[in-house]
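Work through the two exercises below with the structure in view. Try each task before reading its solution.

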Amino acid sequence: THFGFETVAEALKEQKVRGVFSSVASSYDTMNDLMSLGIHRLWKDHFVRNLNPGRNPLTSGPSEQKGWNILDIAGGTGDIAFRMLDHASTINHDAHTKVTVADINPEMLAEGRKRALETPYARSSRLNFIEANAEKLDMIPDSSIDLYTVAFGIRNFTHKEAAIREAYRVLKPGGVFAVLEFSKVNNGLFDAVYKRWSFSAIPLIGQLVAGDRDSYQYLVESIERFPSQTEFRDMIKDAGFLVPGQGWEDLTGGIAAIHKGVKP
Ligand code: SAM
């Protein structure tokens, strides 16, 4: 049946995504640097700075609960989580904010745990790793999260709407849903140069450095298939979020974008 076909196709997609990230886990950071010419670090820095995680004890009232409860979905190797905790500690003098890194892939989580050993948070209760599918976060209670982040993850989800609905469910009223993801380049000439780079250089770098052309070919195609800025903004609105301003911020001419929604 049509339904049966869809289910099989979806199962295959999930399996494929799992395989891609299992095979890229150990070379993941090097590859990100090579493919983005190091720019992904600047985007992640900006994403975190702009969200300003943590509660500054000097400016928050005594009745406010200590620290933020952050959920970093598809958190992989911990890139966003470590930045969040650094920001909360050093900028907001907040030693209570906690981050839970959730990812569907145990190999990516293992890399994250390994990398955490080089941070001050390895053995603290402020950082915690869980294996979970963004589309079904049963272990996370309703209205329990202050900030939900997903960086370069949502385009891999089979059911993006379901994941956005889960984000809405777990966020507290006033909580923020924030997405950093590849997006659509907004200048024709720049887009032509970018497409040439991504469709030819990225699979080639994947082949030469990680010995894995197919996984990187998949990554490029998943970027191409992901909705435009306005389409994605509308998906966030449709889930019930309030969207501030136009709803997104383009980074590097739209190669990536930050989308935000607030749970009313
Ligand atoms: N957030 C990290 C970063 O910015 O470097 C990792 C991004 S990596 C490109 C995408 C991650 O999404 C992978 O670790 C993959 O395992 C995870 N992922 C894919 N589908 C998922 C799902 N349905 N639920 C949770 N994580 C998922």
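The exercises cover a helix pair and then a sheet. The model is predicted, so local features need pLDDT of at least 70 and side-chain atom pairs count only at pLDDT 80 or more, while totals for chains, interfaces and linings use all residues. Residues are numbered from 1 along each chain as its sequence is written, and side-chain values use heavy atoms, without hydrogens and water.

**Exercise 1.** Describe how helix α7 packs against helix α8.

Step 1. Helix α7 spans residues 188-210 and helix α8 residues 213-225 (helices are DSSP runs of H or I, at least four residues, and strands are runs of E, at least two, numbered from the N terminus).

Step 2. The angle is about 155° and the axes lie 7 Å apart (axes are lines fitted to C-alpha atoms, for helices over the stretch in contact; angles run from 0 to 180 degrees between N-to-C directions).

Step 3. This angle makes α7 roughly antiparallel to α8 (the term applies over 145 degrees).

Step 4. The contact (heavy atoms within 4.5 Å) includes Tyr194, Phe199 and Ile202 of α7 and Tyr216, Val220 and Ile223 of α8.

**Exercise 2.** Find the strand order of the open sheet and its edges.

Step 1. Seven strands run in the order β3-β2-β1-β4-β5-β7-β6, with mixed pairing (two strands pair if DSSP finds at least two bridges between them).

Step 2. From one strand to the next, the twist averages 15°.

Step 3. β6 is joined by four bridges to β7 (residues 256-262), and the two run antiparallel. Glu249 stands opposite Ile258 in β7.

Note on methods: Angles under 35 degrees count as roughly parallel, over 145 as roughly antiparallel, 65 to 115 as roughly perpendicular and the rest as oblique.
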